[in-house]
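Please look over the sequence and the model shown here, with attention to helix packing and to charged side-chain pairs.

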Amino acid sequence: MVIALNDLPPLRDVIARHKLAAHKKLGQHFLFDLNLTRKIAAAAGDLEGCTVYEIGPGPGGLTRALVETNAKKIIAIEKDRRCIEALKDLVDVAKGRLEVIEGDALRTDLLKLSRHPRAIVANLPYNIGTELLIKWLRQIDGYRSLTLMFQAEVADRIAAQPGNKTYGRLSVIAQFCCTVKRAMNIPARAFTPPPKVDSAVVHLTARNDRPEDVSFEEMEKITAAAFGQRRKMLRASLRPLGGEELLRRAGINPELRAETLSVQQFEELARCVG
């Protein structure tokens, strides 16, 4: 079902009526441009049959775009009660397809709220974006996709390749779990209030070739050691996990540094240390 939103007031009017000044402590930056929010929703691909989760909908810019898609249902998790009140008109227009839940996304198990297929499409609060991503990556097989907006520098780290200065632990863990695509860049001026940095949308889908004999916990362990002292050779940074003997079993030169290894090499290290 596709919903027309022409009867809703402009987002700026909604914000004025509900006195929705953005709260810095909640990492709030609002998007008013509905053409832009529609592009973000489109980056998620076909949502037919999906329950789509949005985190921190604020006054509902991206939420409106999601309601316009063919998603089966949209569940918005919002911590700010002012925004929950501001979304009531949109809930009415959505005719049962939009549910707004007051809660903290870090403490909410989204998998318990709906059945598969599920997707997440969200403009994440900057202050908890990485923490939320790691939480969802642990459960990645429960989601069809994640389409998430981060600070541009975080998006860079998620998609970075070996040898790049931004390649690190987050890159390896995200790419161990997912196929990663940087979908679009969004300038700071698109937001109200504008943040100090630009943003980017990243689209992640679970890898269907992820090795079954390597666990998320093992990858966390090996990357924490390798990148904990990233300027040191692997023989030194991995000494607590076996050092040169571990690297010999994995077939990796002990004089290399963590930022030069591929995700597949980290998988082999995790397999040997597990």
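Predicted model: local features only at pLDDT ≥ 70, side-chain atom pairs only at ≥ 80, totals over all residues.

Residues are numbered from 1 along each chain as its sequence is written, and side-chain values use heavy atoms, with hydrogens and water left out.

**Helix α11**

- In helix α11 (residues 243–250), the buried residues are G243, L246, L247 and A250, where buried means under 20% relative accessible area, exposed over 50% and partly exposed in between, with a 1.4 Å probe and protein chains only.
- These residues lie on the same side of α11 because they cover an arc of only 95° around the axis, the arc being that of the directions from the helix axis to the C-beta atoms.
- Helices are DSSP runs of H or I with at least four residues, strands are runs of E with at least two, and both are numbered from the N terminus.
- Just after α11, G251 takes a positive phi of about 70°.

**Salt bridges**

- The whole structure holds 20 salt bridges, each defined as a side-chain nitrogen of Lys or Arg within 4 Å of a carboxyl oxygen of Asp or Glu.
- R138 and E220 form a salt bridge at 2.7 Å, N to O.
- The pair ties together parts that are 82 residues apart in sequence, since R138 lies in the loop between α6 (129–137) and β6 (145–151) and E220 in helix α9.
- R138 is partly exposed at 45% relative accessible area, whereas E220 is buried at 17%.
- Within α11, R249 and E245 lie four residues apart, about one turn of the helix, and their closest N and O atoms are 3.7 Å apart in a salt bridge.
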